[in-house]
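Here's a quick tour for anyone about to set up calculations on this chain. Have the coordinates open while you read.

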Amino acid sequence: MPSKETVLRQRAFGGALGVVVLGMALVYHFFPRVFHVDPAQIAPRRSMNLGPATSPSFLPRAPMPDVSEIDAGPPLTLAPTEVIVARMTARNTQLPEQKSADTPQVEALLVDAGKALRAGQLVGDKRSAAAMYQEALKLKPDSRRAAQGLFEVKARLVAAIGQDLAVGDAESASDLLEALKTLPDTATDVADLTQKIKTLQQARPLLAKAAGLLQAGKADQPKGDNALELYRQVQQLDPENAVAQQGLLQVQRAVLDRALAAVAQNDFNGAEQALTEGADIQPGSAQLRDVQGRVDSMRKQRGSTLMVQARSALDAGNLTLAEQLAAQAQTIGADADVLKDFSERVTNARLYASYKPGQVFNDRFVDLPGQAPAMVVIPTGNFAMGAADNENGRNDSETPQHAVTLDKGFAMARTDVTVGQFREFVKASGYQPESVRLGGASVYDERSGAMRDDTGASWQSDYAGRNAEDRLPVVNVSWNDARAYAEWLSQRTGKKYRLPSEAEFEYALRGGTASKYWWGDGAPKTRVENLTGSNDRSANGRRWSNAFAGYRDGYWGPAPVMSFAPNPFGLYDINGNVSKWVEDCWHDNYIRAPRDGSAWVNPGCGTRVIRGGSWGSSPDQVRSAYRQGADATVRSGRVGFRVVREL
């Protein structure tokens with residue numbers, strides 16, 4: 001092994017030599033004339049020798065055109081010569097039919113010609129591939145190998161000329177064309193390529209000017225002085241001009257950059273316009289798809305951000321700002337489903353205080369444990385209030401039928417107020433119901449089958465004067481008692497509770513229907529409400545004299561709330577079980593009645609309206625249009641109430 005000192009000396013010598021070589025290389029690169037080298041000759045040029053080495057026997061090559069004429073975009077991707085030659089050779093069907101084997105002399109020529117072909121020595125002196133293949137064909141005209149070899153020389157020249165044309169090198173293409181003319185059977189190719197060279201010579205000034213405009217930032221504007229128009233002129237001359245195609249991609253790139261710049265400024269309309277202009281230049285290009293995807297992604301992100309802000313504004317109660325932000329999101333093309341959902345939320349916020357139709361909710365008490373009855377949000381709408389002229393069983397108090405529009409949503413109690421709920425009110429408020437303060441109520445007498453006054457009956461009694469269960473609807477309450485309960489709920493929750501107007505009640509009862517009853521025009525087929533049915537029996541075997549034929553609900557008297565099906569608006573027992581007090585004063589007909597759903601109230605009126613059927617009502621009294629009046633102090637085992645809450 002060499003000593004340590006020897007290794008160090010070798011390393012020092014090697015390092016010094018490397019520095020010297022590097023210095024010479026830099027001098028050669030930047031000051032070539034020191035070595036008597038002409039800088040114009042440093043770049044290699046292609047000649048008739050298409051192989052790795054240049055042969056002096058081949059024609060000289062003209063200088064390459066100014067780089068500005070062809071530097072108009074990404075590097076051109078051209079098919080390799082071998083691929084082009086292989087394709088042309090595969091289509092060659094004009095080879096002679098060889099009758100005998102090649103002679104040794106021909107064989108020797110073919111071997112040398114093959115070497116010249118592989119070395120790229122195609123044409124020129126007698127040692128070129130073309131010359132030797134032609135000599136072989138003179139000696140043996142039917143030599144398939146010689147004919148095939150000469151065709152390959154031709155194919156290579158044609159391929160090389162095509163590549164020169166693709167990069168805009170008309171001078172090199174012309175040199176090679178002269179060589180091609182020396183070969184037999186090339187007249188058609190020569191004529192075609194000559195025309196292409198002429199076209200290229202016409203296009204080159206346009207390409208050079210277009211490249212200059214592109215570098216000056218005049219990609220597609222101003223009109224009459226931009227690169228786009230020049231590249232399109234070139235394509236009219238030469239539809240397959242690769243430089244023009246690359247130039248158009250660069251123009252498109254500039255336009256797409258405008259789209260991205262617009263998006264950065266949240267100008268999605270400007271971005272969309274730029275994308276449209278870009279698509280007109282090169283439809284379906286990879287860069288167009290890429291930028292389109294990026295713009296769509298940023299559009300979606302911006303739309304999502306705006307919708308988050310809009311929802312926050314809506315939650316804060318700022319409907320105006322929420323709608324403005326949603327409008328901006330819609331302008332940039334936010335998700336349609338998200339916008340639709342938000343629009344519904346805005347509508348609900350405006351009409352239903354951010355609830356939605358059909359939603360069930362409970363307001364909690366703000367100053368003590370407990371909550372208000374479950375409420376159902378009633379949708380806005382309009383309906384024909386009262387009985388139609390041809391409705392069987394109607395009476396004059398239900399006419400004239402008139403249109404009512406409820407353009408503000410409200411919530412109605414899902415069920416009638418129960419004994420348990422009313423007990424909570426009495427206990428917490430100290431209120432003394434009129435059945436206690438004034439004494440008694442009208443209850444059902446099983447022996448006579450009629451209602452009778454009972455001084456001992458109260459709100460804690462059922463329809464017959466017995467102790468009532470908590471889940472039964474409270475009865476034996478007056479209009480004054482019902483209103484006192486609604487006012488107490490308002491105090492406990494901080495929300496506005498009240499009795500429904502007569503119009504609100506009929507609208508909610510109908511549930512969007514226009515039929516005689518909310519379930520149809522005749523006797524119900526299923527257990528829809530607690531009604532008078534011909535198949536019902538009392539404890540003593542009584543039956544109804546005027547009832548729905550074939551109907552049986554299993555109750556004689558009120559049933560626990562929610563024992564039957566809800567109507568289309570989700571309200572239970574709305575037209576059965578017990579009748580209900582409403583806010584309105586009694587009027588003999590609907591002449592001059594409000595058409596906006598509000599209560600029709602006269603100051604100091606003592607007679608109020610009762611709506612809805614009860615467990616003891618005849619079929620005519622259960623009609624959706626049926627109404628009756630009673631003194632506000634009346635207490636009955638057939639009458640209860642339910643409340644509404646303003647939104």
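What follows covers a pocket, the nonpolar cores and a sheet.

Keep in mind that this is a predicted model. Let's start with the second largest pocket, which comes in at about 300 Å³. Its lining includes Asn92, Gln94 and Leu95, along with Leu137 and Ala147. Leu150, Phe151 and Lys154 line the second largest pocket too, as do Leu183, Pro184 and Asp185. Helix α5, residues 144-166, gives the largest share of that lining, with 4 residues.

| Residue type in the lining | Count |
|---|---|
| nonpolar | 7 residues |
| polar | 2 residues |

Now for the cores. The largest nonpolar core counts 46 residues, and Ala227, Tyr231, Val251, Leu275, Val291, Val295 and Phe342 have the most contacts inside it. At least two residues of this core come from each of α7 (187-215), α8 (227-237), α9 (242-264), α10 (268-281), α11 (286-315), α12 (319-331) and α13 (336-352). α9 has the largest share, 10 residues. Another core, of 37 residues, lies apart from this one, and Phe425, Val474, Ala486 and Ile610 are among its members.

Which residues does Leu275 touch, leaving aside neighbours within four places in sequence? They are Leu256, Ala259, Leu288, Val291, Gln292 and Val295.

Val360 has Val376 in β2 as its bridge partner.

How values were computed
Residues are numbered from 1 along each chain as its sequence is written. This is a predicted model: local features need pLDDT of at least 70, side-chain atom pairs count only at pLDDT 80 or more; totals for chains, interfaces and linings use all residues. Side-chain values use heavy atoms; hydrogens and water are left out. On a 1 Å grid over the protein atoms alone, a cavity is a set of points where a 1.4 Å probe fits but cannot get out, and a pocket is an open set with protein on both sides within 12 Å along at least five of seven lines; lining residues have an atom within 4 Å of a point. Grid points are joined across faces, edges and corners, and a volume is the space filled by probe spheres set on the points. Ala, Val, Leu, Ile, Met, Phe, Trp, Tyr, Cys and Pro count as nonpolar, Asp, Glu, Lys and Arg as charged, and the others, Gly among them, as polar. A nonpolar core is a set of buried Ala, Val, Leu, Ile, Met, Phe, Trp, Tyr and Cys residues joined through side-chain atoms within 4.5 Å. Buried means under 20% relative accessible area, exposed over 50%, partly exposed in between (1.4 Å probe, protein chains only). Contact means heavy atoms within 4.5 Å. Two strands pair if DSSP finds at least two bridges between them.
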